[in-house]
Amino acid sequence: MDGNMIGPGPYRATKLWNETVKLFRGGMPLRRHWAHFRCYDNSFTGSEGIDYLHELLKRNQNFGPEVTRYQSLQLLRKFLKNHVIEDVKGRFGNEDFDDNGRLYRFPPQSPLKPLPQRVPLSQRNFIPPIPRWDDCEVTQGPEKIPMKPLVLNSESWNKRHSIAIGEVPECKLIRRKDITPKHVDQIWKSMTLTHLQSVLGLQSLDGVLDAKLLSPKHIVHNVFSVNKQGIVILKNKSEDLPHWVLSAMKCLANWPNGNDSKQPMYPGFERDVFRTVAEHFQRLKEPLLTLHLYEIFVSILGLLPREQIAVEALQVCCLLLPPANRRKLQLLMRLMAKACHNHALPPLNDAIGTRTLMVQTFSRCILCSADEVDLDELLATKLVNVMLDNHENVLKVPAELHKSVEEHLSHLRRAQIKYAGADTDSAVNSPPHAYCRQISREEFEEQRVTASQRAVVELLEGIIQDKLMSVKDKKKKLKQFQRSYPDIYRKRFPTPESEAAVLPERPQRLKPQLMLLTLKKPLQPFQRSWSFRA
């Protein structure tokens, strides 16, 4: 493949035009020709120009081998109209260029098109911001959340012995205001454009897309209002294709079993059905991909060397279409794909194959610019071929985008606890990258041990200073602590006297003096002696 690959970005069509003009002017063989008994140096015939440009475009990676000779002829007609070339008498400005021996030459002045001036930074159309957790209100309730005191028995204390117990800072329970459908629409639009910008690898969408012209309701409708096959369902049936067009498309797509109306079949019937469908789409006031999305779809063609990324970009861009356009595009692509793979369908044209016929017939119905100049025909053909090869995936909802939006909405609907001086969306406000100083393994081990011991020492002091704990329970917990951390315990209590100072001895209870009562004999119980007689 020859030529430089023009990647995605603003004014890609203009850059492709200039690139093609440079290659054609720099490589077209020129020689001396005779016409009407006159000699013309540095000239070429119309047929020679078509032959060379056709081979040039097929070798160029921006266009590819799908370019036809007729498309090369159309491009040379635009070259003549835009004064890229002129006839040997200096005439230009029309499209009177044919595949014959008429002589042409290059004008001396530069025919390149200037790139439009970039919009100033202050006037650029930025992507609307995504709603954050800052748009929230405090719940009606207590300022402080009551915290149940932590009671550690021997079992739970052993499980938590490595955790320092500190004071819980003041916090509030906050929630977002109710998320309205308008908020949901804005989130879908913002995150869709952000995802598209990321896939294209652009720092900004300026010059390729005007976000003000996009309706967020279209995106939401295209995602959720679909049938089991993923085809958009329209609320306003008047925007749908006419019934007779749908019947014709179904008849052609399911040939020969799609004739529901049981109309009589005659030789050439399938060609008349195809002509009916083609005439309807060619009469549309606007291409299915719309005029204001022309630049963004042309930019996607710069991703074709990375086909998977190009398909994902097409998925996102097709979500931006009005629902009626997306539905028509889905039905048309299904028809084209089925017709190309239906071997039972008779040839629809005697000169070209079914796929070439489909692409040439519907490419301008799918993509074209408002001015209808430059490389519309070639770019539309390239894009439709890509969409036809990936028709099952191009018009699906991007799974990654759908998951990201749903997770963000779930995050916004979830109540959160905000601590004093903290931000609930600190992750959003924080810088994208945080850097730490690398330390050695010895420093890491030292910090790990120090931090762990500090927490355990604080736990020991908490047991000692707890005045509500009985002496018996305090002794019991200290014994457990001594068995678990003998070194720390020994540092805190190096001598028995230091341990005794923390645990005061219980006062000895005075035992009541026993009164020895002398029992008198009259009070002694009567003892009866038994005698046994023989």
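In which helix is the place of N385? In this predicted model, N385 sits in helix α13, and that helix, spanning residues 376–389, also gives the most to the lining of the second largest cavity, with three residues.

**The chain as a whole**
- The protein chain has 20 helices and seven strands, and of its 534 residues 40% count as buried.

- A search of the whole structure finds two cavities of 30 Å³ or more, and the second largest cavity has a volume of about 40 Å³.
- The residues that line the second largest cavity are F63, E66, V67, Q71, L378, T381 and K382, a set that by class comprises three nonpolar, two polar and two charged residues.

**N385 and its surroundings**
- N385 counts as buried because its relative accessibility is 9%, which falls under the 20% cut-off for that class.
- Once neighbours within four places in sequence are left aside, N385 is in contact with E66, R355 and V359; of these, E66 is also one of the residues lining the second largest cavity.
- With R355, the contact includes a polar one between the two side chains, at 3.2 Å.

Key: Residues are numbered from 1 along each chain as its sequence is written. This is a predicted model: local features need pLDDT of at least 70, side-chain atom pairs count only at pLDDT 80 or more; totals for chains, interfaces and linings use all residues. Side-chain values use heavy atoms; hydrogens and water are left out. On a 1 Å grid over the protein atoms alone, a cavity is a set of points where a 1.4 Å probe fits but cannot get out, and a pocket is an open set with protein on both sides within 12 Å along at least five of seven lines; lining residues have an atom within 4 Å of a point. Grid points are joined across faces, edges and corners, and a volume is the space filled by probe spheres set on the points. Helices (H or I, at least four residues) and strands (E, at least two) are DSSP runs, numbered from the N terminus. Ala, Val, Leu, Ile, Met, Phe, Trp, Tyr, Cys and Pro count as nonpolar, Asp, Glu, Lys and Arg as charged, and the others, Gly among them, as polar. Buried means under 20% relative accessible area, exposed over 50%, partly exposed in between (1.4 Å probe, protein chains only). A polar contact is a pair of N or O atoms within 3.5 Å; within protein, one must be able to donate a hydrogen and the other to accept it, and residues adjacent in sequence count only if both atoms are side-chain atoms. Contact means heavy atoms within 4.5 Å.
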